[in-house]
Amino acid sequence: MTAETPLLEVDGLHVAYGGIEAVRGLSLRVLRGSLVTLIGANGAGKSTTLAAISGLVRPRAGRVLLDGEDVTRWRSTRRVAAGLVQVPEGREVLATMTVEENLSLGAWHQRAHLASGLEEVFARFPVLAERRRLSAGSLSGGEQQMLAIARALLARPRVLLLDEPSMGLAPLLVDEVFKVIETIRAEGTTVLLVEQNAHRALSAADHGYVMETGEIVLEGPAAELLANTRVIEAYLGEGFDPRPE
Amino acid sequence: MQQVANGVFLGSIYALFAMGYTLVFGVLDLLNLAHSAVFMLGAFIGLQLVVAAGWPLWAAVLGAIAAGGLLGVLIDRVAFAPLRRRADAHFAGLISSIALAIILGAVALGVFGPNSRRFPQGTFPGGRVEFAGASLSVLQLVILVLSVALMLGLDWLVRSSRLGRAMRAVAENPRAARLLGVDVERVTLITFALSSALGAAAGTMFALAFNLIRIEMGLAIELKGLAVIIVGGMGSLPGAMLGGLVLGLAEVFSIARIGSGWRDAVAFGLLFAILLLRPQGLLGRKAVREV
Amino acid sequence: MGFLRTYNAVIVLIAINGVLAYSMYAVLIAGQLSLAQAAFASIAAYTSALLTIEAGLPFPVVVVIGVSAGAVTALVLGLPILRLRGVFLAIATLGFGEMVRIVALNLEVTGGAQGLRPIPKVVTIWQAYLALALCAWFFWRLRPTRLGLGLAALRADEVAARAMGVDTVRYKLFAFTVSGAMAGLSGVLFSHFTRFIAPGQFGFERAVDALLYAVVGGTAHWVGPFLGAGFLTFLPELQRQLGIEAGWLRPFLNGLILLGVILFVPAGLSGLGRRLGLARRPRPAASAAPARAATPTPTPGSVESVTEAVTQPTDPGVDRRPDTLVRLVGVEKDYGGVRALAEVGLDIRAGEILGLIGPNGAGKTTLVNAITGLTPVTGGSVEVLGTPIRGLPANRVNALGVGRTFQQVKLFDDLTVRENAIVGGHRVTRPTFLRRLVFLPAAARDDRDNAARADRVLARVGLLDRADAPASSLAYGDRRRLEIARALCGQPRLLVLDEPAAGMNHVEAQRLGALVGAIAAEGVTVLLIEHNVRLVMSVCTRVVVLDFGRVIADGDPDEVARHPEVLRAYLGQAAT
C-alpha cells in the first residue's frame, strides 16, 4: 500500500493488437517525480502498452489512471490535454513541416504558452533554434529525436512517455538523449521510459519493470535490476553468458 | 486576349470546385464522389434563397455556402465515418459516397423538379468592364474575384493557421497527430465541411455565371473536377488552382479550334495524358502506382 | 407463357443487366474498381448495330464481333492503366467512359445525339438467358481453379499473392479483358433488343448501374450479379405496378439500397444467402485422406514429409543444385536520405538455417524484401539461385524457388485455410481453368491433387482440422503456422521466415523451432529473422547480425553470442 497516489498507474491491462494478445494482465505504477523504465526484448509488448496508455488502442480489460483518475475511456486528445504526453517510437516527426511548425503542434493544447514554450525549448536545444525554418525531414536522426522530445515538452506534460528514444541512434547521440531525459526528470517531470537498451535505461531510472511476451516478469529498483542476470536471460535466453572469456 | 480572359474565368470556377476534392484527398486520403451533388445543391439552394425567400444575392450566396458546410458534415457522418475502421475503407468509401450522391440527386429531383431553372431578371447587376483588350461582365469579374479570394483564403488557412497545421499533420501522419493531442475526428469533420462549402460556392458561382441550373450539372462538372485534380496533382491545393487554370484555358482555346461538341473531350485528353506520363500530376506528391 | 409475354421486356432486361453485372463482377473479384463497363458496352453496341444495319451480318457473327470489340478495348486500355492505385484507376476508367460517350455524341456515323435506329430486334428471352448462363457458368467454373483462387488471393492481398508466385499483372489484365468481353456482350444484346441506342444510355449512370448490380448482388458467390441485377431491374417494375410514378423515387431507392448494402451488408445479397446457409462455399476438393489427429509437434523423420521432395512437375529446370543459394554483394538501399542497408555482403548456403538478428530498425526486413524481390535495391547485386534478380517482380523470384512469410501476417483472410495453402502452391501447379471450363476430368483431378497436397502440409503444421474454416477465424499462433504452411506448399528451395515467433511464448516458440528444424532436415534452406534470440541460437546453424544496415557479425551462433559488438547492439554497454 503506497501512501501517495502514483501519478500514472496501469492496472490489469489486456490488449489484443493485430490478432495477438500483446499485453496480458500488466500492472505498473509510476510515482510522482520518478523515472520508471519498462524494458524487454522486442515483441514483448512494450509499445502496445504505451499505445494503450495514450489512448491509441482500446484495451480489452484493465484500467489506466492518471493521478487517481480513470482515463481508460478518454480519447487521446483529452489525455494529452491532461498532461499525458508520448514521444512515439521512431520519432514520427512531421517531415513535410518545418521544425517550428512541428513544435507549434506540440503546443496544441497549450496555446497560451506557445511563445514562452518555444523560447524555453530553443534555449534547451539550440540546434533546433538554428534550424527552426527548415523542414523536419532534413534533420539528422539525433536532431529529430530532440525535436520529438521538444515537441512533447511544449505540451507541458505531467507524465512524459518515451518509446525507445535510443532506437537507431549512434552511441554518442544516445548519450545526449539520455542527458536530456535526465534533465527533464530533474526538473520534476514524471517519466515512463520504454527501452530496448536495458543498460542505459536502468542506469537512468529509479525503478524498472521487465516485460516478456506481454507480462511483467520482474520489477524492482533499477540498481538491483542492473545487477540481475535474470534480466539478461529475459532478453537473450538461458545459459547465455555475456561476460567476455 | 478575350479567350484568355474567358479561359481564366472558366478555370477559376473549375479550380474552386476541384479544391474541395483535393482538400479531402490530401488530408484524409479519400475521394468524395458526393462532392458533385453538393455543387448542384449549392446552386439550387442559392436560387431558392433568392427566389423563394427573397434574400439579396450576396446573402443567398453566403447561405448556399453555409448549407454546403452542413452537407459536408452530413457526408462525413453518413458515408465515411461508419467505415473508418474497416479494412476496405477506401474502396467502400468511394461506393458509399456514390450512393449518397445518388440519394442527394434524387432528393433534389423530388424537391426542385426536373426542369432547368434560371435566376430571375435583374438579380445581378449589368455592365461590362474592359481591360487589356478583353472584356468581362461585372458579374464575371465579381465571380472571378470571389473565387480567387476563396481559393487563396483556403490556401492561407492550410499553410499558416493553427487549424491548417493540424490538417497537414493529419494528412501526413494521423497517428502522430493524435499523439500530439489533435482531435483527429474533429479535424476530419471540419475538412469535409470546408470542402463542401467550397463545392457549394463553386456551384453558386457557376449558376450565376451561366444562369442555368439543372440537376445534371453536378455530373457534368464532377468529371472535369477529377481531371483538374489529376492534372494539378491530387492533394495539392496550388495544383488544383493550376489545373483549373490549365483546363479552363485549354477548353476555351479548343472550342475555337475544334468546335464545342468536343469541348468536354479536352478534359479527358488531359486526364489521360497526365495519368500515363506523369501520374502524380504537375504539382502533386502522393503515390499513384501500386506497390 | 402469357406471363412471359406480358413481362417480356423486364425479363429480358434482367438478363441483359445481369450480363453487365457479371462484367463488373469480373473486375471486382480481382480487387479492382473499374467504371469502364458502360463504355465497353457502348463500343460493342454501336459496332454491332452498325454492322447489322449497314452490313446486314447475321446476328451470331455480330455478337462475336461485339464481344471481341469489348475485349480488345479492355485489353488495350488495361495495359497502361492497371498499374494505377485503386482511386486513380476508378478515375481513369470514368474518364475513359466519358471519352467514349463524347466520341459517340460527335461522330456522324454513330448518329450523334440522336443515336441509331431502328436496329432490328433479334434478341429473344432464350438468347438473353443463354448469354447470362454463359457468364454465370464461366464464374462457376472459375472459382475452384488455380486461376480463380489466384484472383481471390490478389484481391485479398496483392503483395502476398505476388510473393506466392501469382503473376498479378497478368491476372489483373485477364480480369479486365473478361469484363470488357462481357460488357461487350451486354451491349450487343442491349442494342438488338431495345432497337435504339444513344450515347446517353451508356454514360456515367449506366456505369454506376453496373456497380450497383454487382455490389448489391455481392461478390461472395457467382450467383450474386444475377441476384443484384434481378432485384434492381425488378424494383422499378414493382414500383410501376404499385402505381408509384414519382421519377425521383427510383434513384432515391437505388441510392439508399447501395448505401445500406455497403454500410451494413458489404457482402451483398449473395453474402446474406451464404450467412443464411443457402449457398455453400465452393470447395476445391474435400481431402480424400481422413483427417489425421492434429499433432502440433511435427516429428522429424516420420514417413510423411513436410515438403514433398517427391516429383515436382514444374520445377524450373534447376537440376544442378548450387551450393550458394543467395549471394549479396555490396547491397545498398536508400529510402530518400535514410540508408537502410549499407554495403551488405552475405551468402546463404544450401542446407543451412541462417538466423538474421539485429536491433529494431537495423534493416532486417529491408534485406529480406530485397532477397524476395519486394523491394529493389539501390546499389550492389542480389543473386538468387544463380539468377540476378534486379528488376524482377516478386512473383518471378518466387518462381525461382523462394517462399516466404511476413512480419505482419499477410494471409488471404477471405479464403479458407486450405485455399490459402493451395495458393501457396501456385508455382508448382499447372493451370486448370481452361480445362475445367469444358469439364475435363483430368483438370478436376489436378485441382483435387493440389488440395490433397495442401492438406498434407496443413496436417504437418497441425491445421488440417480447420482446413475449411476462413483464415480470418484462426487464432494468432495458428495464423503464423498457416503462413508457413502456405509458403511450404510452393516447395521452395529457400524458405524465408520473417519474425515467425513474434508474440509467442516459450512453449510456442520452441514448437516453432522444432518445425523449422524439421523443414530444414528435409532439404529446405531456411533464412530466419527473429527477435527471439534464444530461439535463433537454438535452431540456427549460422547467425548474421545486422545493425544500422550493416553486417556486424557472421558466424557460429556461440561465437556471435559472445561478440561484444552484438551485446552492445542489443543491451547497450556490456553489463560488466
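Student: In this predicted model, how many residues of chain B are in contact with chain A?

Tutor: Remember we're looking at a predicted model here. Chain A puts 19 residues into this contact.

Student: Which elements of chain B give two or more residues to the side that touches chain A?

Tutor: Look along chain B for elements that supply at least two residues to that side. Residues 162-172 form one of them, and residues 174-179 form the other. Those are helix H6 and helix H7 of chain B.

Student: How do the residues on that side of chain B divide into nonpolar, polar and charged?

Tutor: Let's take the classes one by one. Five of the residues are nonpolar and two are polar. The charged ones number six.

Student: Over in chain A, why is helix H3 described as largely enclosed by the rest of the structure?

Tutor: Helix H3 of chain A covers residues 99-106. Its buried residues include A:Val99, A:Glu101 and A:Leu103. H3(A) is largely enclosed because seven of its eight residues are buried.

Student: What covers the buried residues of H3(A), including anything from chain B?

Tutor: Part of the cover comes from chain A itself, including helix H4 (114-124), helix H5 (126-130) and helix H6 (141-153). Chain B also takes part. The element it brings is H6 of chain B.

Student: Moving to chain C, are H3(C) and H5(C) roughly parallel or roughly antiparallel?

Tutor: The axes of helix H3 (residues 37-55) and helix H5 (residues 86-106) of chain C come within 8 Å and cross at roughly 30°. Angles under 35 degrees count as roughly parallel. H3(C) and H5(C) are therefore roughly parallel.

Student: Which residues of H5(C) make that contact with H3(C)?

Tutor: From H3(C), the contact uses C:Ala38, C:Ala39, C:Ser42, C:Ile43 and C:Tyr46. By class, the contact has seven nonpolar residues, two polar and no charged ones. The H5(C) partners are C:Phe96, C:Gly97, C:Val100 and C:Ala104.

Student: Where in chain C is the pLDDT below 50?

Tutor: Chain C averages a pLDDT of 84, and 88% of its residues score at least 70. One stretch falls below 50, although it has 63 contacts in the model beyond near neighbours in sequence. The stretch to watch is residues 283-320 of chain C.

Student: And how much of chain C is buried?

Tutor: Chain C has 23 helices and 10 strands. Of its 576 residues, the buried share is 57%.

Conventions: Residues are numbered from 1 along each chain as its sequence is written. Chains are lettered from A and ligands numbered from 1 in the order in which they are written. This is a predicted model: local features need pLDDT of at least 70, side-chain atom pairs count only at pLDDT 80 or more; totals for chains, interfaces and linings use all residues. Two residues are in contact if their C-beta atoms, placed from the backbone, lie within 7 Å. Helices (H or I, at least four residues) and strands (E, at least two) are DSSP runs, numbered from the N terminus. Ala, Val, Leu, Ile, Met, Phe, Trp, Tyr, Cys and Pro count as nonpolar, Asp, Glu, Lys and Arg as charged, and the others, Gly among them, as polar. A residue is buried if 20 or more other C-beta atoms lie within 10 Å of its own, exposed if 12 or fewer, and partly exposed in between; C-beta atoms are placed from the backbone. pLDDT is the predictor's confidence in each residue, from 0 to 100. Axes are lines fitted to C-alpha atoms, for helices over the stretch in contact, and angles run from 0 to 180 degrees between N-to-C directions. Angles under 35 degrees count as roughly parallel, over 145 as roughly antiparallel, 65 to 115 as roughly perpendicular and the rest as oblique.
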